[in-house]
Amino acid sequence: MCETLTNCYSNDVFTGRQQHELLGRLAYAAIRFGMDLELLKAAGVFGPVGEELYDALLSSFWVLRDQYGPLLRRLDLHGQPYNFSYDRFAARNQFCYVDDIAQPRRKVSAEPQHVGS
């Protein structure tokens, strides 16, 4: 999911409100991706082939974090339900100009946000 969303973002597939939603969905998916990787590793459920798959997924996560982390960490995901809600995201992430999604109207913490906090 994250790869598809990053491809859409980097290729300017969407603009305006849709691009704003895309970033919210990407931030939400990235957080869940990282949390899922932590849970899977802690469970110790992988055999040798599973470890290879896990390592590939972890590598993909680090690339995502390195490339998009600074932008995504600016977004406020507090109050999101299990399934992403654009209405809740938009209420907490208002922008002066919808096309200028990198410039939030209010300061958002650079600290990672936890889903459901």
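Predicted model: local features only at pLDDT ≥ 70, side-chain atom pairs only at ≥ 80, totals over all residues.
**Exercise 1. Overall layout**

Find how many helices and strands the protein has, and state what share of its residues is buried.

Solution. 
- Step 1. Count the elements: there are four helices and zero strands.
- Step 2. Read them along the sequence, which gives the pattern α-α-α-α.
- Step 3. Turn to burial: of the 117 residues, 35% count as buried.
- Step 4. Look at contacts with a separation of 6 or more: residues 24 or more positions apart account for 68% of them.

**Exercise 2. The second largest pocket**

Determine which helix gives the most to the lining of the second largest pocket, and how the lining residues divide by type.

Solution. 
- Step 1. Take the volume: about 380 Å³ of space lies in the second largest pocket.
- Step 2. List the lining: 18 residues line this pocket, and M1, C2, E3, A29 and L64 lie nearest its centre.
- Step 3. Assign helices: α1 (2-10), α2 (16-43) and α3 (48-72) each supply at least two lining residues. The most comes from α2, with six residues.
- Step 4. Sort by type: the lining has nine nonpolar, five polar and four charged residues.

**Exercise 3. A network of salt bridges**

Explain how R17, E21 and R25 are linked, and classify each as buried or partly exposed.

Solution. 
- Step 1. Check R17 and E21: their side chains form a salt bridge at 2.6 Å, N to O. The two residues are four apart in helix α2, so about one helical turn separates them.
- Step 2. Check E21 and R25: their salt bridge has an N to O distance of 2.8 Å. E21 and R25 are also four residues apart in α2, again about one helical turn.
- Step 3. Apply the cut-off of under 20% for buried. E21, at 15% relative accessibility, is buried. R17, at 43%, is partly exposed, and R25, at 34%, is partly exposed.

**Exercise 4. A pair across the chain**

State where D76 and R92 lie, and classify each as buried or partly exposed.

Solution. 
- Step 1. Identify the pair: the side chains of D76 and R92 meet in a salt bridge at 3.1 Å, N to O.
- Step 2. Locate the residues: D76 is in the loop between α3 and α4 (86-92), and R92 is in helix α4, 16 residues apart.
- Step 3. Classify them: D76 is buried at 9% relative accessibility, whereas R92 is partly exposed at 33%.

Technical notes:
Residues numbered from 1 in each chain as written. Heavy atoms only, no water. Buried < 20%, exposed > 50% of the residue type's maximum accessible area, 1.4 Å probe, protein only. Contact = heavy atoms within 4.5 Å. 1 Å grid on protein atoms, 1.4 Å probe; cavity = no way out; pocket = protein on both sides within 12 Å on 5 of 7 lines; lining within 4 Å. Points joined across faces, edges and corners; volume = space filled by probe spheres on them. Nonpolar A, V, L, I, M, F, W, Y, C, P; charged D, E, K, R; others polar. Salt bridge = Lys/Arg side-chain N within 4 Å of Asp/Glu carboxyl O.
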